[in-house]
Amino acid sequence: MFDDIKTADLAYVGKKAGRPDMVEKLTGEAMFVSDMELPGMLHAQLKKSPHARARIKHIETAKAAALPGVRAIITGEELDYHIGLYIVDKYILAKGEVRHYGEAVAAVAAETLEQARAAVEAIEVEYESLPPVLHHMDALKPDAPLVHPDLGTYSYVTAAFTPKPGTNIANHTKLRKGDVDKGFAESAYIVEREYSCPSVQHVPMETHVAIVQWGKGDKVSIWTSAQSPFTVRNLFCHAFKLPHINVRVQTPYVGGGFGGKAGIGVEPLCAVLSRKANGKPVKFQASREEEFSLLPCRSALTYRIKTGISADGRILAQHMTMYWDSGAYADYAVNVTRASGFSASGPYEIPNAWVDAYTIYTNKPYGTAYRGFGHVEFHWAVERHMELIASAIGMDPLEFRLKNALRPGCHTMTGEEILPGTGNVVKCIEEAARRVGYGTLTAAEKAREKKTGWKIGKGVAALQKAPAMPSFTATSVVLKMNEDGSVLVNLALCDYGQGTYASIRQIVAERLGFDIEKVKVAFENDTDRDPYDWQTVASKGLLLSGNAAILAAEDLLKTAYAVAGEALRANPRDLAHDGTKVYIKHHPSKSVSFSSMAVGLAMPNGNGIGGPLIGVGRYIAQGLSNLDKETGEGNPAIDWTYGAHGMIVEVNEDTGEYRVLKVASVYDVGRAINPDIVRGQAIGGMIQGLGTAICEGYIYDQQGRLLNPSFTDNKIPTAKDLPMEIECAVVETPQVDGPYGARGVGEHSMISVAPALGNAIQKATGAEITHMPMRFEDVWRAIQKKEPIDNWITKSPVGSCRSAPELRNHE
């Protein structure tokens with residue numbers, strides 16, 4: 001929509017504009033669920049399992065119930081509710097068996113937090129320890145314990161997912177394109193290698209928190225830090241078999257989410273405690289340790305890639321097998337598997353492709369959506385693999401990427417044609433490389449090497465991502481004009497830090513032609529008051545809600561023109577407007593103000609016409625389809641956002657220590673609605689991606705206990721880890737169906753940061769690193785153990801790609 005208008009001809013879109021939540025957040029006025037206290041509110045605490053897998057033989061709660069202040073205690077045996085987003089496989093509290101370390105087995109609600117903690121300590125649980133399955137590759141073995149023996153009885157979304165009863169496979173996504181055997185047969189080189197990365201935590205500033213009050217007549221009120229209020233309501237009503245009209249979900253300001261708060265979380269737990277406590281509101285806020293072990297994380301991945309390349313460096317065939325560690329429950333992990341399957345090649349054309357992507361149950365905390373939705377993990381493998389191939393065939397990695405990058409006329413893995421308006425990954429790669437001076441060292445860099453003794457390397461990595469969402473994803477926006485002619489914007493897309501509301505405000509002001517100070521976006525979301533939005537995930541918010549906002553603005557103007565036309569005795573087609581009034585084009589002195597029409601226009605004789613000015617905009621994803629379960633063919637992407645990172649690092653070859661000297665990030669955003677917000681997303685996501693690259697990751701002992709459930713041992717980046725120089729830039733290839741040509745970029749800045757770092761380290765030292773994070777000791781080991789490039793190369797095909805991939809033991 002309006003993608004062909006030049007930025008210079010726009011008043012607000014493409015320009016700097018303040019964030020509408022800035023003052024409230026900086027001064028502490030913004031109200032979060034963490035801050036809320038309701039009259040008579042109880043506090044919840046949980047008894048958690050010390051085992052990764054165990055049978056629950058008995059839970060003794062009598063001592064806890066007798067303690068002062070305790071108003072409700074509940075165990076899994078009292079509950080028979082299943083919850084789940086795509087596969088309904090989880091109880092509110094563990095029932096019969098615990099499936100991961102830190103899983104809740106009992107819950108207490110008491111008058112104070114201290115009383116609740118004392119009661120939890122008094123609960124006694126008798127367990128029968130069972131052997132857990134802790135690695136996803138081990139879970140595929142024929143003799144592996146089944147995490148979900150009843151998988152065949154669970155309900156699931158049949159159009160998109162394929163669980164395998166009798167195994168630990170929660171979903172198997174397939175993609176078949178072209179003739180892979182023929183492609184390998186025609187290849188001059190075949191390169192094969194395995195890559196991996198661990199689970200990591202989202203680490204939102206505000207941990208998961210909810211307050212629930214179960215009222216009379218099964219009327220339930222929920223206040224939550226979730227990202228998607230309508231999803232919480234829908235899943236809650238499905239679990240408890242309640243009509244949607246009975247449940248109200250409110251989300252005030254939310255202190256970060258990154259995907260970890262996208263589905264349903266602690267709300268059902270608070271609800272059953274409130275019901276048992278005779279309707280008193282119950283609040284639970286996870287501790288940081290519970291955030292690591294009780295609540296979801298990013299899934300671990302093992303990715304095997306086998307690529308056939310022609311003598312002139314073109315990719316002819318690729319066989320890809322992804323093994324995703326879902327943890328104990330499927331949650332979003334099955335959809336991560338699906339989305340990673342149709343994007344598995346990265347931003348490159350693969351004429352002959354074969355993908356198998358598995359979601360695998362293990363006895364660990366469960367995986368869910370995380371910024372990038374699987375693309376951070378598999379792009380680590382894809383972009384390290386591109387580097388390996390280039391080295392193997394004697395071609396510069398930048399040249400190799402550009403030769404194989406998607407261009408107009410190419411086709412994606414699912415058969416979608418790339419069009420001129422799809423985006424330009426080639427420009428992104430070239431610009432990122434230019435900004436780091438790829439391929440050479442400057443005189444200053446050579447002098448630095450000589451002075452420090454550390455080697456400097458430069459690397460580049462590309463990226464792509466499309467929103468992973470149902471083909472019928474929809475949203476809506478309502479504009480309401482106030483008596484003074486200002487406008488209130490209501491929508492259920494949550495702004496939990498990404499800045500989308502600032503962009504929506506600019507879009508509304510632009511389309512209405514109003515001063516931006518007259519436009520306000522309401523921050524607190526409420527399923528009883530706000531129009532529907534599917535979820536705040538997938539970088540789809542700006543495109544879908546932005547279009548809905550344009551349509552809402554046009555609807556409001558259409559109504560205003562109709563009222564003005566009646567008042568002025570003019571055809572609406574002869575009218576125009578500015579920021580304060582509607583007037584007749586050929587008699588501009590004849591006008592009627594928006595403020596006079598806002599709640600109904602009073603004519604000179606006292607007659608009223610019109611009524612409150614309201615605009616409604618609805619938008620649904622256009623032209624998408626389900627994917628064929630056998631071939632993966634279909635159209636899953638409403639848009640593609642491309643990008644690239646260039647990186648300069650210096651490495652001490654004696655110790656493995658390294659420093660990131662510069663990162664240059666470039667994205668094709670279609671149009672930057674708010675350049676400052678794009679820059680903020682680019683820098684924030686890049687640093688988050690750097691954290692997963694350098695230090696983050698879950699570590700378990702042999703019994704499945706999480707050994708680093710806090711910041712003491714599970715590090716995230718600090719100011720000391722920041723690059724010395726950061727550059728951000730955009731390429732603007734307008735998205736034809738995007739609001740003013742824009743497409744989303746919220747997740748993309750985190751993708752491919754890790755392989756850019758790995759590639760730069762390899763350039764500096766020759767060290768081949770296939771697992772992240774890349775801690776200093778990992779780099780040192782890789783330097784000491786440099787393997788010949790021939791280890792991963794054959795000159796002719798070996799076996800058939802159609803044979804089942806060998807399941808080797810993970811080391």
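Which strands does helix H3 (residues 113-122) lie across? The answer is S1, S3 and strand S7 (104-110). H3 runs at about 25 degrees to S1. The model is predicted.

## The eight-stranded sheet

An open sheet is formed by 8 strands. Their order is S3-S7-S1-S14-S11-S12-S13-S24, and the pairing is mixed. Strand S3 (70-75) and strand S24 (525-526) are the edge strands. Each of these pairs on one side only.

Strand S1 (residues 42-48) pairs with strand S14 (residues 282-285) in the parallel sense. The two share 2 bridges. Leu 42 stands opposite Val 282 in S14.

The loop between H5 and S13 holds Lys 241. Phi of Lys 241 is near 55 degrees, a positive value in a residue other than glycine. Most residues other than glycine have a negative phi.

H5 also meets helix H6 (residues 267-276). Their axes come within 11 Å and cross at roughly 50 degrees. That angle makes H5 oblique to H6. The crossing is right-handed. On the H5 side, the contact involves Val 232, Phe 236 and Phe 240. On the H6 side, it involves Glu 267, Pro 268, Ala 271 and Val 272. By class, the residues of this contact divide into 6 nonpolar, no polar and 1 charged.

## The six-stranded sheet

Another open sheet has 6 strands, in the order S9-S18-S17-S16-S10-S34. Its pairing is mixed. Strand S9 (169-177) and strand S34 (793-794) stand at the edges. Each has a single partner strand, so one side of each is left without a neighbour in the sheet.

Strand S17 (residues 315-327) and strand S18 (residues 353-361) run parallel, joined by 9 bridges. Gly 327 stands opposite Tyr 361 in S18. Helix H8 (residues 333-342) packs on this sheet and touches S9, S17 and S18. The direction of H8 makes about 10 degrees with that of S9.

## Helix H9 and two partners

Helix H9 (residues 375-393) crosses helix H17 (residues 753-765) at roughly 30 degrees, with axes that come within 8 Å. Angles under 35 degrees count as roughly parallel, so H9 is roughly parallel to H17. The crossing of H9 and H17 is right-handed. H9 contributes His 379, Trp 380, Glu 383, Arg 384, Glu 387 and Ser 391. H17 contributes Ala 754, Pro 755, Gly 758, Asn 759, Gln 762 and Lys 763. The contact of H9 with H17 has 3 nonpolar, 5 polar and 4 charged residues.

How do the axes of H9 and helix H10 (residues 397-404) cross, and at what angle? They cross at roughly 110 degrees and come within 9 Å. H9 and H10 are therefore roughly perpendicular to each other. This crossing, too, is right-handed. H9 supplies Glu 383, Met 386, Glu 387, Ile 389, Ala 390 and Ile 393. H10 supplies Pro 397, Phe 400 and Arg 401. The residues of the contact of H9 with H10 divide into 6 nonpolar, no polar and 3 charged.

## A cis peptide bond

Which residues are joined by a cis peptide bond? They are Met 772 and Pro 773, with omega at about 10 degrees. Pro 773 lies in the loop between H17 and helix H18 (776-784). Most peptide bonds are trans.

## Thr 27

Thr 27 is in helix H1 (residues 22-27). A polar atom of the Thr 27 side chain lies 2.7 Å from the backbone oxygen of Val 23. Thr 27 and Asp 495 are 468 residues apart along the chain. Their C-alpha atoms are separated by 18 Å.

Methods:
Residues are numbered from 1 along each chain as its sequence is written. This is a predicted model: local features need pLDDT of at least 70, side-chain atom pairs count only at pLDDT 80 or more; totals for chains, interfaces and linings use all residues. Side-chain values use heavy atoms; hydrogens and water are left out. Helices (H or I, at least four residues) and strands (E, at least two) are DSSP runs, numbered from the N terminus. A polar contact is a pair of N or O atoms within 3.5 Å; within protein, one must be able to donate a hydrogen and the other to accept it, and residues adjacent in sequence count only if both atoms are side-chain atoms. Two strands pair if DSSP finds at least two bridges between them. Contact means heavy atoms within 4.5 Å. Axes are lines fitted to C-alpha atoms, for helices over the stretch in contact, and angles run from 0 to 180 degrees between N-to-C directions. Angles under 35 degrees count as roughly parallel, over 145 as roughly antiparallel, 65 to 115 as roughly perpendicular and the rest as oblique. A crossing is left-handed if the near helix is turned anticlockwise from the far one by less than a right angle, and right-handed if clockwise. Ala, Val, Leu, Ile, Met, Phe, Trp, Tyr, Cys and Pro count as nonpolar, Asp, Glu, Lys and Arg as charged, and the others, Gly among them, as polar.
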